[in-house]
Amino acid sequence: MEGRLRASWRRSERYGVSPDEVSPVYTESVDTGSLLYDCAFEVLTGLQSTIANEPVGLMVADANGLVLARLCNDPSILRSLDRVHLAPGFSYAERNAGTNGLGLSLADRVPTLVRAGEHYCTELRRYTCAAVPVVDPVGGDLAGSINLTTWSESSSELLLALAQAAAGATSAMMLVRATGRMVRPAPRGEVFSVTGGASEGAPCTSAGWRTAHADALGALAAGRVTAVVGEPGVGKATLAAQARRSLAPRSRILHARAPEAGDVPAWLELWTPELRKPDTFIIVSGLHTLPAWAAGELARLFAEAPAPVPFVFTTPDFTSLPDELALLVDALVEVPPLRTRPDDVLPLARHVARSARRREVTFTPRAAAALTAYHWPGNAAQLREIVRDAVMRATVVDLQHLGPEILDRGSRPLTRLEKLERDEIVRCLVEPNQTMTHAAEELGIGRATLYRKIAHYKIALP
């Protein structure tokens, strides 16, 4: 049995799953109004029509393993799946049903094929299951899984390929419907970065940031293993590094970011020798995206380090931290989102601008007001992107140099055509000395129509 399956069996045993009888948790209410459900159901309906005569059950489950929908034309396998509760409303997460294709694909976040005797529960050994995780193409979070199940004696060579095609089509459809954009390859990113000596930190002075910094400083000073939690892009690793610098200004900081699933073995081998180096402080980010087996291996490496190594985990929330790593944590620090820290926006913007241009950059009152009033769903990471783009075009940043989204107070995602219209309206409105009359004339619409569209797109002019 391969390593991933052995690790899954050990987890199943630790969860207390019965090896004889599968008894998944049932939830009466199933979310059939989600974007995942709509797109996956359409994709699976199309796939079902192409394999109408095959004994295959096609399912979509959410990120927690809850089966949302099931399609199947074969009466015999349909009745059999009902007997093991592989049906809408039941959770087939590992901790509920033991090692199975659907649960393991969510735990390890990779395409997974579990055959016959590889299932932890004997009741499931009559099946072969192929499952592929579906990633939210906008936020990058795990959205759910596509699962194809057939009899164990049936040919399974194409089962995983079909599941991969269905998961890819579902993700692509989700992106088009949410944003109007086509799928782009995800960036691979860097594996880790190392900094040594003192460095200039983010110039945050808000009460929320100061409280989080004090909490992190206290935890690190006491030698506690700390998890820093908060929304993506909020500055969790920056906070941890600043706290460490306050304690040991000349220490060496290694920031390891979780890689793509296929790169995990090399990632572990590449940076774990740093555990043997003195005066090294380790920050590990993106742990919620690590496969379960890799989280277990990482926990073992930390536990077996030749000497205690100070380290911090960063993750969106503590519940998303893999169990093996969560057991190591004895201190929790939460970084508040940027929208609750308006006092940090302009200092951060000036810091980013100065770093990008190697000189001081001025923000006009209009630009400063727009930056401060914006709700920053992407937090400090979004601010860096917008400011860097602006200062590449001007050393005196005005409203027209900032992205159109800065004036957008809407909450729903816009289609591609809506974004084009909103951006054109904003472009006209932010021109220096612009008036509503001139903007309407330039756009070729009446003033009343312009006001309606401003209200429709919730464009907020400072």
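Reader: Let's start with strand E2, residues 67-71: how many of its residues are buried?
Author: In this predicted model, five of the five residues of strand E2 are buried, so that the strand is mostly covered, with buried standing for under 20% relative accessible area.

Reader: And which way do E1 and E2 run, and how many bridges join them?
Author: Strand E1, which spans residues 56-62, runs antiparallel to E2, and four bridges join the two strands. Val60 stands opposite Ala69 of E2, and Ala61 has Val67 in E2 as its bridge partner.

Reader: What does the hairpin between them look like, and which residue there takes a positive phi?
Author: The hairpin of E1 and E2 has four residues between the strands, and Gly65 in this hairpin takes a positive phi near 90 degrees.

Reader: Zooming out, what is the strand order of the sheet?
Author: The sheet is open and has five strands in the order E2-E1-E5-E4-E3, with antiparallel pairing. E2 and strand E3, residues 112-114, stand at the edges with a single partner strand each, so one side of each of these two strands is left without a neighbour in the sheet. From one strand to the next, the twist averages 20 degrees.

Reader: Which helix packs on that sheet, and which strands does it touch?
Author: Helix H2, made of residues 35-50, packs on the sheet and touches E1, E2, strand E4 (127-135) and strand E5 (142-151), while the direction of H2 makes about 170 degrees with that of E1.

Reader: What is Ala116 in contact with?
Author: If its neighbours within four places in sequence are left aside, Ala116 is in contact with Leu124, Arg125, Tyr127, Thr128 and Ser152. The C-alpha atoms of Ala116 and Glu153 are separated by 8.3 Å, although the two residues are 37 residues apart along the chain.

Reader: Switching to helices: at what angle do H16 and H17 cross?
Author: The axes of helix H16 (residues 436-443) and helix H17 (residues 447-456) cross at roughly 95 degrees and come within 9 Å of each other. The two helices are therefore roughly perpendicular to each other.

Reader: Which residues meet there, and what classes do they belong to?
Author: On the H16 side the residues are Met436, Thr437, Ala439, Ala440 and Leu443, and they meet Arg447, Leu450, Tyr451 and Ile454 in H17. The residues of this contact divide into seven nonpolar, one polar and one charged.

Reader: What about H12 and H13, where do their axes stand and which hand is the crossing?
Author: Helix H12 (residues 345-357) and helix H13 (residues 365-373) have axes that come within 9 Å and cross at roughly 120 degrees, and the crossing is right-handed. The contact is made by Val345, Leu346 and Ala349 of H12 together with Ala368, Leu371 and Thr372 of H13. By class, this contact has five nonpolar, one polar and no charged residues.

Reader: Last one, Arg11: where does it lie, and what does it touch?
Author: Arg11 lies in helix H1, residues 3-15, and counts as buried at 3% relative accessibility. Not counting residues up to four places away in sequence, Arg11 touches Glu94, Leu104, Ala107, Asp108, Ala292, Trp293 and Glu324.

Conventions: Residues numbered from 1 in each chain as written. Predicted model: local features only at pLDDT ≥ 70, side-chain atom pairs only at ≥ 80, totals over all residues. Heavy atoms only, no water. Axes fitted to C-alpha atoms, helices over the stretch in contact; angles between N-to-C directions. Parallel < 35°, antiparallel > 145°, perpendicular 65-115°, else oblique. Contact = heavy atoms within 4.5 Å. Nonpolar A, V, L, I, M, F, W, Y, C, P; charged D, E, K, R; others polar. Buried < 20%, exposed > 50% of the residue type's maximum accessible area, 1.4 Å probe, protein only. Pairing = 2+ DSSP bridges. Left-handed = near helix turned anticlockwise from the far one by under 90°.
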